[in-house]
Amino acid sequence: MDSNSLKLLEMPSKKGFTPSSSTQGQISQAELIQEPPLALVNRESENPGIQRCIPTGLNQKVEALQQMLERHRQERQLVILQDFPDPDALSSAWTYQLIAQQYDIQCDIVYAGTLSHQENIALVKLTGLPAQRWTAQTTKTKDLSVYKGYVLIDTQGTTSQLLPLVQEAGVPALVIVDHHAKQNDIQVEFLDIRPDVRATATIFTQYLQAGLLTLDSSVSQHVKCATALMHGIRSDTMRLMQAQEEDFLAAGYLSRFYDAQLLNAVLQATRSKRVMDVIERSIKNRVVQNSFSIAGVGYLRYDDRDAIPQAADFLVTEENVHTAVVYGIVHDKDEELEVVVGSLRTNKLTLDPDEFIKEAFGQDNQGRFFGGGRPGAGGFEIPMGFLSGDNENAAYAKMKWEVFDTQIKQKLLRLVNPNDNLIETE
Ligand SMILES: [Mn+2]
């Protein structure tokens, strides 16, 4: 472990969301007060302070995106989302599709896993969001040569089973727009990776504001897309609590178009009994140390995978807990596939989930990290390979879970209680 991450973990826990407690380049209150209010409205202003709400270089980015779309007029593109797409990914992809449509570019939005969170299912159903599930098997039956390029949104490909198949088929990489920390180097025609922005939906809203698509409140699809983007920003910022100026400005712009009742309907989606059961297990099994709550929930079905982040969301609400990690073994009977899936949620602004997860679990033998994150949230997936399956043997299944449970706890607790380790920090 490097001393830098130790420092991060050892910083005193601060409650609340005061701007000065952030290490994420937030603006201090003093700076905000000095800002003439007009500068926030007048985007053409020469005032250097303006760069805080409209990021430097946005115009160049927008021009580059326009040129890329122009070059690929009338082509077909494949928009690949993470396997378990969230509202941020779904709404951003839809926005890209609508923008590209103006250049007669037809986009298919695909993901390999499932929409397991009830809110995501509600979002897709209620807005008519055009995302399709393509499993690895389905993808193999598709003629991928019709696609002249692929687009990664809210991911850089590390969380998609589809990407290797699409790459094998020789489809070139065209676009990456994401707000997670930079992962691999993929050569693309248009790249916009901004880890300081809380949601990819914020980036896409900025594209809309910059004129890439003129929203019209009388067009139902625009209203629904704006609603989806609003949901995307809210869900990636803990209902705006972790939002920064850029996210608020984007939400402010969307407020002119979105449908509050529709958003409310999406948020009213109820939890299934199986999800409740996983949350119950997480409460029973949790271990709290140094304000970290850690819970293994055992085996769960592939379709219930999203119960894990929901359980983490719940555990982090406990008094004196700032960070929750929940994990379990997700198994897909059809594909004899087993993978350890985990989620981290934190209210602690000085804890960087990306760094924490990379530090805790390291990399596989191909140098790929088992997970990563963004401010406030992170996740990991550890394939079980040779140990997959054969769970009809209850004793074996139990032993297997215990081994993984113990190993994950060991790796996490090493970071949670750094003083228990014989690590020299100078
Ligand atoms: Mn996101």
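Reader: A crossing is left-handed if the near helix is turned anticlockwise from the far one by less than a right angle, and right-handed if clockwise. Which hand does the crossing of helix 10 and helix 12 have?

Author: The crossing of helix 10 and helix 12 is right-handed. Please note that this is a predicted model, in which local features need pLDDT of at least 70 and side-chain atom pairs count only at pLDDT 80 or more, while totals for chains, interfaces and linings use all residues. Residues are numbered from 1 along each chain as its sequence is written.

Reader: How many helices and strands are there in the chain?

Author: The chain holds 16 helices and twelve strands (DSSP runs numbered from the N terminus: helices are H or I of at least four residues, strands E of at least two).

Reader: Back to helix 10 and helix 12: at what angle do their axes cross?

Author: Helix 10 (residues 220-236) crosses helix 12 (residues 260-267) at roughly 50 degrees, and their axes come within 9 Å. Axes are lines fitted to C-alpha atoms, for helices over the stretch in contact, with angles from 0 to 180 degrees between N-to-C directions.

Reader: Which residues make that contact?

Author: Helix 10 contributes K224, T227, M230 and H231, and helix 12 contributes L262, L263 and V266 (in contact means C-beta atoms, placed from the backbone, within 7 Å).

Reader: And what about helix 9 and helix 10, left-handed or right-handed?

Author: That crossing is left-handed. The axes of helix 9 (residues 200-209) and helix 10 come within 8 Å and cross at roughly 140 degrees. A201, T202, F204 and T205 of helix 9 meet L229, G232, I233 and D236 of helix 10.

Reader: New topic: what is the strand order in the open sheet?

Author: The six strands of this open sheet follow the order 3-2-1-4-5-6, with parallel pairing (two strands pair if DSSP finds at least two bridges between them). From one strand to the next, the twist averages 25 degrees.

Reader: Which strands stand at the edges?

Author: Strand 3 (131-133) and strand 6 (190-193) do; each has a single partner strand, so one side of each lacks a neighbour in the sheet.

Reader: How many bridges join strand 1 to strand 2?

Author: Five bridges join strand 1 (residues 76-80) to strand 2 (residues 106-111), and the two run parallel. I80 has V110 in strand 2 as its bridge partner.

Reader: What does helix 5 touch on the sheet?

Author: Helix 5 (residues 87-101) packs on the sheet and touches strand 1, strand 2, strand 3, strand 4 (149-153) and strand 5 (173-178). The direction of helix 5 makes about 165 degrees with that of strand 2.

Note on methods. Two residues are in contact if their C-beta atoms, placed from the backbone, lie within 7 Å.
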